[in-house]
Amino acid sequence: MSDTALDPRLHAYRPDVAAKHLEGQVTAKRFIEGEKCIIIEPLADIMSNTMGEARTSQALYGERFSVYDRQDHWVWGQLETDGYVGWVSAYAAGRWDETNATHKVSAALTRATSGSIKVLGDGPLPMGARLRVTKPSIEVGGSSAPFAETNAGAVPAAHITPLDHHTDDWVAVAETFLGVPYVWGGRSPLGLDCSALVQLALDQAGIACLRDSDMQEETLGKVIDRSVGLARGDLVFWPGHVGIMIDATSFLHANAFAMATAVESLSDVEARIGTARTVKRL
């Protein structure tokens, strides 16, 4: 297999270094097994270079990241969750301790605390962040709500779900992002792009989803003929853009026109940017 057959966004290889499991598939001066790390910041930008100029995605708290190269204050590697490759701040990549996460954040944002709700801990922790619950039910001063003790601190129990819990309505999850700022490469309720909106919502339904819109168009669902009518949950694709139908005519998408996640008539969107290339149904 030639190097050009692999996607560098999803395969960790460069002319100077590559992941060991790609040996024989790509050309590189050295092949590395990789150092397993875990993201210890609430959010860590994934960059295309070490100049800090081009964010391509973000890693979330608790996600695993395999490191294949270190340069100054940066590490280059691959995110386990969706396979995305890039540079992350070395300060965000902590030592992996062999203990698996048990839960993920299901609220848009949450915060950890310690002892009292007046004491802030880690956070804000975004939807999709991975946590290890050590005690499922504890009391925290100042609140009658149940909390769970996690590796990040005490978190409201209502804000997390077990990793194997799947929502029945992933579109409703996507709708919780209405009004969130549009951020290129963003992957959280603090700011996100079109494909991250789809990815984060599907994650809550237990549906594996790659990061970029072209990857999603290639791998998610089945192409449908628009003459049959559109339905809630249909994905609509243009080159470089994707959004979600919330009913037969209304379209939810994170977009640079509104600079936010917004609902528009699909016909209005197509009048502005052209007819959609593909519609897919999960």
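Against which strands do the buried residues of H4 pack? The structure is a predicted model, in which local features need pLDDT of at least 70 and side-chain atom pairs count only at pLDDT 80 or more, while totals for chains, interfaces and linings use all residues. Residues are numbered from 1 along each chain as its sequence is written, and side-chain values use heavy atoms, with hydrogens and water left out.

Helix H4 spans residues 266-273, and its buried residues are Leu 266, Val 269 and Glu 270. Buried denotes under 20% relative accessible area, exposed over 50%, and partly exposed in between (1.4 Å probe, protein chains only). Helices (H or I, at least four residues) and strands (E, at least two) are DSSP runs, numbered from the N terminus. The three residues lie on the same side of H4 because they cover an arc of only 95° around the axis, the arc being that of the directions from the helix axis to the C-beta atoms. An α-helix has 3.6 residues a turn, so residues three or four places apart point the same way.

The buried residues of H4 pack against strands E23 (235-238), E24 (241-245), E25 (250-255) and E26 (260-265), contact meaning heavy atoms within 4.5 Å. Just after the helix, Gly 274 adopts a positive phi of about 105°.

Trp 238 is buried at 4% relative accessible area, and Phe 251 is buried at 0%.
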